[in-house]
Amino acid sequence: MRAVPAALPPKPAGRVLVIGAGKASARMAEAVESVWGPCEGLVITRYGYARPTQGIEIVEAAHPVPDAAGVAATDRMLALLDGLAEGDFVLALISGGGSALLIRPAGAITLAEKQKVNADLLASGAPIGQMNRLRKHLSRVKGGQLAAAAYPAPMLALMISDVPGDDPAAIASGPTVGDDSTPADARAILARWKIDPPAAVAEGLAGETGVLRPDDPRLARVENRVIAAPAQSLEAAAGIARAAGCRVELLGDALEGEARDLAADHARLALERQADMAPGDAPLVLLSGGECTVTRRGDGTGGPNAEYALALACALKGAPGIHAIACDTDGVDGAAEVAGAVIGPDTPARAAAAARDPGAALAINDAHGFFAALGDQVVPGPTLTNVNDFRAILVFPRV
């Protein structure tokens, strides 16, 4: 509600159409109308993330695995864009989650086939960048194709980043941004992560797809602007920590990799920093962001943030004076309505009292089940924003 109004130009004369997709898009639409007043348009957000708007229609659909509601809403959005003229203006509100919410499979690919590929990607451990690159070539709206549908009308795309590096082409799979990848690149991603595609997907990737090159003339009238990003959440947290008398070490806002591996690295770092502290030293907060992945090994319920927290607890083994929180800023870790979890020195003892084995839970990817049993889940409900993952480790000197 602060970032969007600050980025808005004066409302253009003539027809103005507001479109958007993502977990923050309904809140962004609400912010637009707080400045511009009632607007024509359609925005797609996740179930439970709708907001009251004056003129812009809000449609809810499924995330992370897309559903028919998302397809129908995307078709309606494309119909709104059809026939726009040079004197019209389009404002696109794009945020993370748009990859699943803005959904119209390319060619003969069915929704069920797209859902299968999407689910296989989520379980494969593939980095989000590769997932989004493949998604573009299976879509009629990603990789600049949504912007092409609005041409020749000028478009301003305001984006809230949930991707490492804040590349506009990666946010929601870049519906308003061209991409220089090829169908061959998409096929290589399937092969790399051992995903056996349905026949229609394989056929669609055998030839040319609709993804636009960055220099495509239909993108010449588009301005893409990132207005909020993960680094801002870390800087805000750092300010709060310093005001509370803590020292702060920023580990980066674009960390990737297996959640359990990153947790092991951070556990070692926390113990090293603690070993260097003298009694009476100010506490230290280690802050990091980015987007971890989870390679599915078992049939438990979890997400990258909860798995990071569980792996961190396993690695720290109840080390005194070290606490941590790991959450997705959109309020949803994986497919569960849980943002993440907290741990502390008493986590192993409390797990034993609850007859829960943290190592066994980690082995089957059951981080949500483990933390639910301990009452250590973080459940904020819809946060109406999405600037990727947030992790903080609080380290006190040993007594």
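I take contact to mean heavy atoms within 4.5 Å. I note that the model is predicted, that local features need pLDDT of at least 70 and side-chain atom pairs 80 or more, while totals for chains, interfaces and linings use all residues. Residues are numbered from 1 along each chain as its sequence is written, and side-chain values use heavy atoms, with hydrogens and water left out.

**Entry 1: helix α15**

I looked up α15, residues 367-374; helices are DSSP runs (H or I, at least four residues) and strands likewise (E, at least two), numbered from the N terminus. Because 6 of its 8 residues are buried, α15 is largely enclosed by the rest of the structure; buried means under 20% relative accessible area (1.4 Å probe, protein chains only). The buried residues are Ala 367, His 368, Gly 369, Phe 370, Phe 371 and Leu 374. Among the elements that cover them I list α12 (304-316), β11 (340-343) and α13 (347-353). After α15 comes Gly 375, with a positive phi near 75°.

**Entry 2: cavities**

I searched for cavities (on a 1 Å grid over the protein atoms alone, sets of points where a 1.4 Å probe fits but cannot get out; lining residues have an atom within 4 Å of a point). I found 2 of 30 Å³ or more, a volume being the space filled by probe spheres set on the points, which are joined across faces, edges and corners.

The largest has a volume of about 40 Å³, and its lining includes Ala 313, Leu 316 and Ile 343.

Pro 66, Ser 99 and Arg 135 are among its lining residues. The elements giving two or more residues to this lining are α4 (98-101) and α5 (111-124).

Methods:
1 Å grid on protein atoms, 1.4 Å probe; cavity = no way out; pocket = protein on both sides within 12 Å on 5 of 7 lines; lining within 4 Å. Buried < 20%, exposed > 50% of the residue type's maximum accessible area, 1.4 Å probe, protein only.
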